Amino acid sequence: MLHICTFLQLILSPDLLVLTTKVGKVRPTVHSLVIYFSLPLFFQCLLVSSLSILQTVSMITDWGIRLDKLLHRRRRRCQSRRRRSRRRGGAGGSEEAELDPVLLVSGMGGSVLHAKKKSDSKFELRVWVRILFADLEFKKYIWSLYNPDSGYVESLDSDVEIEVPDDDYGLYALDILDPSWFVKLFKVTDVYHFHEMIDMLVNCGYEKGKTLFGFGYDFRQSNRIDQAMDGLKTKLKTAYKASGGKKVNLISHSMGGLLVKCFLSLYSDEFEKYVNKWICIACPFQGAPGCINDSLLTGLQFVYGFESFFFVSRWTMHQLLVECPSVYEMLPNPNFKWKQKPVINVWQKNSESNEVELLNYDATNCVSLFEQALRNNELEYNGKTVALPFNKSILRWATKTREIIENAKLPSNISFYNVYGTELDTPFDVSYGSESSPIGDLSEVCETMPQYSYVGGDGTVPSESAMADGFDAISRVGIKTCDHRGLLCDERVLDLIKKWLGVTENSSSVSSSKVMNI
């Protein structure tokens with residue numbers, strides 16, 4: 001079924017269709033209607049019939065989501081009744097009551113997003129993540145512009161607001177990112193996010209709403225925006241109170257680690273009051289050079305690297321990323337002492353001398369490349385042309401965020417653990433063009449297929465960046481050959497979490513070193 005969906009999206013969305021014009025260059029093809037009418041009559045009928053079926057499935061899917069939410073609420077009521085029954089039966093001193101609460105914090109692209117309309121209180125549509133009609137709904141509701149006055153990203157449609165559902169104590173938004181009935185039926189595990197970890201914690205005795213909570217957020221926004229900081233503060237207080245005043249154990253993934261570090265820097269007193277342990281997984285503490293540099297220039301590495309299952313085209317994704325403060329905040333840190341500085345290489349033909357030159361840009365001078373490459377970038381929305389050049393206002397905001405992150409100090413009474421991926425090819429340097437097929441104008445970079453040089457990591461975040469947390473960690477553990485999202489469900493990681501939370505006996509020997517590779 002997924003192959004059918006993907007095929008139909010390729011036919012219907014011209015953004016997804018790319019035609020190789022010469023080595024390393026891509027451009028959009030003609031409008032999809034031309035493709036449609038060029039098909040034999042039989043295939044035209046088949047396509048229309050398939051679309052009708054998919055529209056029906058999409059409608060049933062939305063019904064399924066509503067039903068799933070109702071079942072969630074019903075299960076919670078049943079669980080509450082069972083808890084009250086156990087307390088009346090004298091079972092209040094169970095092992096479950098001894099557990100410290102756990103709060104899961106998602107990363108980039110790791111939260112379900114719903115679109116709501118200010119003019120229609122009944123309208124609510126899941127726009128991230130969805131397998132069916134993903135590209136269409138993405139463009140309609142999630143495309144955004146940065147507001148330099150407020151620091152927030154705002155949808156192009158002024159009537160639309162993007163929200164994160166808080167169902168199931170926040171866990172719904174980061175469990176299965178497309179919670180459609182057919183995803184569960186066919187076990188499309190590509191969109192299972194914290195699912196395995198949530199199941200593991202429940203099996204260890206954690207109870208949703210009492211000792212287990214989730215925090216999803218609008219990951220388009222800055223990691224230090226008030227909305228995110230206030231939301232995390234509220235969730236920490238909720239978990240603290242629900243568990244009877246016990247401090248919270250945080251488990252963050254990817255960019256969620258940067259958000260937590262911003263909170264630590266800005267609200268250190270609240271952090272010390274409510275947090276007991278922080279387990280950080282795959283965080284790009286010093287940036288994700290290859291992935292983020294290329295994401296801003298072409299969008300390709302985000303689609304292939306961070307979240308490859310979104311069924312959203314490279315170009316559609318790219319137009320969002322250019323206006324996302326969170327993406328700018330993961331650019332390589334120019335102040336970090338890299339073993340070797342990450343660079344962007346561009347083979348360019350000099351228009352005057354006709355000679356081919358190799359231009360190098362590192363974290364200190366790459367802004368000039370971004371400005372030149374994106375100067376003509378634009379999109380069409382509701383019949384209007386919207387310019388999307390490299391946004392220097394966002395860069396200034398992100399530079400301040402980097403300062404806030406670097407100023408974070410971990411209180412001595414809070415335990416910190418760091419898990420990261422190793423030995424998987426991870427993009428580091430990015431190259432555009434070649435000596436035999438150089439770039440003419442730098443604006444062509446955005447339509448060029450990149451080439452990468454690789455270092456060890458999780459396929460998205462280099463180990464060098466993920467290890468450089470700046471804290472006195474209790475333990476840092478490298479997980480060999482496990483990709484960025486796979487770290488959330490890898491048995492080695494789940495075993496470490498159980499050990500650090502103290503919910504299972506540790507029968508294996510423990511290394512005295514603070515840094516291990518598994």
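**A tyrosine and its surroundings**

Mentor: At 5% relative accessibility, Tyr-217 counts as buried, where buried means under 20% relative accessible area, exposed over 50% and partly exposed in between, with a 1.4 Å probe and protein chains only. The model is predicted, so local features need pLDDT of at least 70 and side-chain atom pairs count only at pLDDT 80 or more, whereas totals for chains, interfaces and linings use all residues. Residues are numbered from 1 along each chain as its sequence is written, and side-chain values use heavy atoms, with hydrogens and water left out.

Tyr-217 belongs to the loop that runs between strand S9 (212-215) and helix H7 (226-242); helices (H or I, at least four residues) and strands (E, at least two) are DSSP runs numbered from the N terminus. Leaving aside residues up to four places away in sequence, Tyr-217 touches Val-105, Ser-106, Gly-107, Met-108, Ser-111, Leu-113, Val-164, Met-255, Gly-256 and Leu-259, a contact being heavy atoms within 4.5 Å. With Ser-106 there is also an approach at 2.8 Å, between the side chain of Tyr-217 and the backbone oxygen of Ser-106. Ala-173 is 44 residues from Tyr-217 along the chain, and the C-alpha atoms of the two are separated by 8.7 Å.

Turning to the chain, 56% of its 518 residues count as buried, and its secondary structure comes to 17 helices and 20 strands. Among contacts between residues at least 6 apart in sequence, 76% join residues at least 24 apart.

The rings of Phe-123 and Tyr-141 form a tilted pair, because their centres are 5.8 Å apart and their planes lie at 35°. Since Phe-123 lies in strand S5 (residues 120-128) and Tyr-141 in helix H4 (residues 134-142), this pair ties together parts that are 18 residues apart in sequence. Tyr-141, at 4% relative accessibility, counts as buried. The rings of Tyr-417 and Trp-500, by contrast, have centres 4.6 Å apart and planes at 25°, so that pair is stacked. It links distant parts of the chain, with Tyr-417 in strand S16 (residues 415-422) and Trp-500 in helix H17 (residues 491-501), 83 residues apart, and both Tyr-417 and Trp-500 are buried.

How values were computed. A polar contact is a pair of N or O atoms within 3.5 Å; within protein, one must be able to donate a hydrogen and the other to accept it, and residues adjacent in sequence count only if both atoms are side-chain atoms. Rings of Phe, Tyr and Trp (its six-membered ring) pair if their centres lie within 6.5 Å; planes under 30 degrees apart count as stacked, over 60 as edge-to-face and the rest as tilted.
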